[in-house]
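Please keep the sequence and the three-dimensional view at hand while reading.

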Amino acid sequence: MRAVFLKEFQELRRDRPTLAMLIVMPLLLLVVFGYAANFTVDTLRVSVYGADAQQLEDLVDENEDLSEHLEIVATDASGDAGDAEQALVDRASNVAIVAEGSGTVTVYIDGSNLFAAQSALVLFTQISEQFAQNPRAPTVEIEVLFNPDLKTSWVMIPAIIGLILTFIGTVITSIGLVREREAGTFEQLAVMPLRAPAVILGKITPYFLLASFDMVVVTVVGIWLFGVPFVGSVWLFIVGAALFLFAVLGLGVLISSVAKTSGQAIQFALMLLLPQVLLSGMIFPLDAMAAGVRWIGYLLPLTYFTMVSQGVMLRGAGWESLWLPLSVLLLMAIALFTLAVVRLHASIAPARAHRHRGAKR
């Protein structure tokens, strides 16, 4: 028994990926959940429009309770309800207020940002009740846009589409080249007259088609079963999904070029999949995360696809509103694909060198 114990312990010590999963992952989950597991958005970004916009901003600045929860990010005395709605479409703010000076203040809340919307609804409902007791105070009207009933499914389905694409791109695709290596056929890539980019394209094309099919099915079922709206451009959604899919497929191929076994590939994939689920804003809102953890979320592809999918499906956002997440996804796709090509070339190079030496002999 002692000999078996020592043997297993030594093998585990040599298996660094498994050792990392046993030691690093629990610590990572502890830190992530400790700093990121927060559903309450304490500070709301607010844009103010209308003739009384400046007076309303001064009121917020002078009221300590309001200034603690409201951050005025834009003030435009010439703006109207259309500008307020556009600010929410662009995600420039969580709340847009129109104060026209007519005795009525209209508060527009972005319902596609679920947790911020819930906090805003509670806060402005309390303000409305307080104003109702003062005959000199304006009347506060609250309107929730893009998700009037604050349905969780409307917000989650666009993010789940990205999660499914992430799963296929990292977990399933990552075992592609590893399977070749375990089967002993990986060296055949060295004798084929193919460059590394062609090999990667050949590897990821079936997974790209499969993931695209799954995306269509999940989107259609989500719309039909849960009543999730799709008010934006289908083509814009397709472009965002394609860029995101290339990024996660490149990540999967990169993992498979590093891992030596299927078990290691799955371990690496899970280590990259969990942060995307927890820190992309899919479950916990980015606005509620500690700054030290939030920046990790902005390095993850799923964060930006969620911005695109929710923006297109729920808010009808266009190119001018989503150019930033689309640009980031494009850069990520290029960087990950390039890195995967370099890694694959480094993996094939020794076998090709061995083939050339054998040919000379």
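Just after helix α5, Arg 91 adopts a positive phi of about 60 degrees. The structure is a predicted model, and the values in this report are computed from it.

**Arg 91 and a second residue with positive phi**

Arg 91 is not a glycine, yet its phi is positive. In general, most residues other than glycine have a negative phi. Arg 91 is situated in the loop between α5 and β3. Its relative accessibility is 25%, so Arg 91 counts as partly exposed.

Phe 146 is another residue other than glycine with a positive phi, here near 70 degrees. Phe 146 belongs to the loop between β5 and α7. Is Phe 146 buried or exposed? Because its relative accessibility is 15%, below the 20% limit for a buried residue, Phe 146 counts as buried.

**The protein as a whole**

The protein contains 15 helices and five strands. Of its 361 residues, 44% are buried. Among contacts with a separation of 6 or more, 76% are between residues 24 or more positions apart.

Helix α5 covers residues 81-89, and its buried residues are Ala 84, Ala 87, Leu 88 and Val 89. At the start of this helix, a side-chain oxygen of Asp 80 comes to within 3.1 Å of the backbone nitrogen of Gly 82.

Ala 87, a residue of α5, has a relative accessible area of 5% and is therefore buried. Beyond its neighbours within four places in sequence, Ala 87 is in contact with Ser 47, Tyr 49, Ala 92 and Ser 93. Ala 87 and Ala 74 are 13 residues apart along the chain, and their C-alpha atoms are separated by 9.4 Å.

Ser 47, one of the contacts of Ala 87, lies in strand β1, which spans residues 44-49. At 2% relative accessibility, Ser 47 counts as buried. When residues up to four places away in sequence are not counted, Ser 47 touches Val 73, Ala 74, Ala 87, Ser 93, Val 95, Ala 96 and Ile 97. With Ser 93 there is also a polar contact of 3.1 Å between the two side chains.

**Thr 170 in helix α7**

Thr 170 is part of helix α7, residues 152-172. Its relative accessibility is 0%, so Thr 170 counts as buried. Which backbone atom lies 2.6 Å from a polar atom of the side chain of Thr 170? It is the backbone oxygen of Thr 166. Apart from neighbours within four places in sequence, Thr 170 is in contact with Val 248, Leu 251, Gly 252, Ala 269 and Leu 273.

**Helix α11 and its two partners**

Helix α11 comprises residues 234-258, and its axis comes within 8 Å of the axis of α7. The two helices cross at roughly 30 degrees. Angles under 35 degrees count as roughly parallel, and α7 and α11 are therefore roughly parallel to each other. Their crossing is right-handed. On the α7 side, the contact is made by Ile 161, Gly 162, Leu 165, Thr 166, Gly 169 and Thr 170. On the α11 side, the residues are Phe 237, Phe 244, Leu 245, Val 248, Leu 249, Leu 251 and Gly 252.

Helix α11 also packs against helix α12, residues 262-279, at an angle of about 145 degrees. The axes of α11 and α12 are 9 Å apart, and this crossing is right-handed. Leu 251, Ile 255 and Val 258 of α11 meet Ala 265, Phe 268, Ala 269, Leu 272 and Gln 276 of α12.

| α7 with α11 | eight residues | five residues | no residues |

**Summary of the positions described**

Ser 47 in β1 and Ala 87 in α5 are in contact with each other.

Definitions and conventions. Residues numbered from 1 in each chain as written. Predicted model: local features only at pLDDT ≥ 70, side-chain atom pairs only at ≥ 80, totals over all residues. Heavy atoms only, no water. Helix = DSSP H or I, 4+ residues; strand = E, 2+ residues; numbered from the N terminus. Buried < 20%, exposed > 50% of the residue type's maximum accessible area, 1.4 Å probe, protein only. Polar contact = N/O pair within 3.5 Å; in protein donor to acceptor, adjacent residues only side chain to side chain. Contact = heavy atoms within 4.5 Å. Axes fitted to C-alpha atoms, helices over the stretch in contact; angles between N-to-C directions. Parallel < 35°, antiparallel > 145°, perpendicular 65-115°, else oblique. Left-handed = near helix turned anticlockwise from the far one by under 90°. Nonpolar A, V, L, I, M, F, W, Y, C, P; charged D, E, K, R; others polar.
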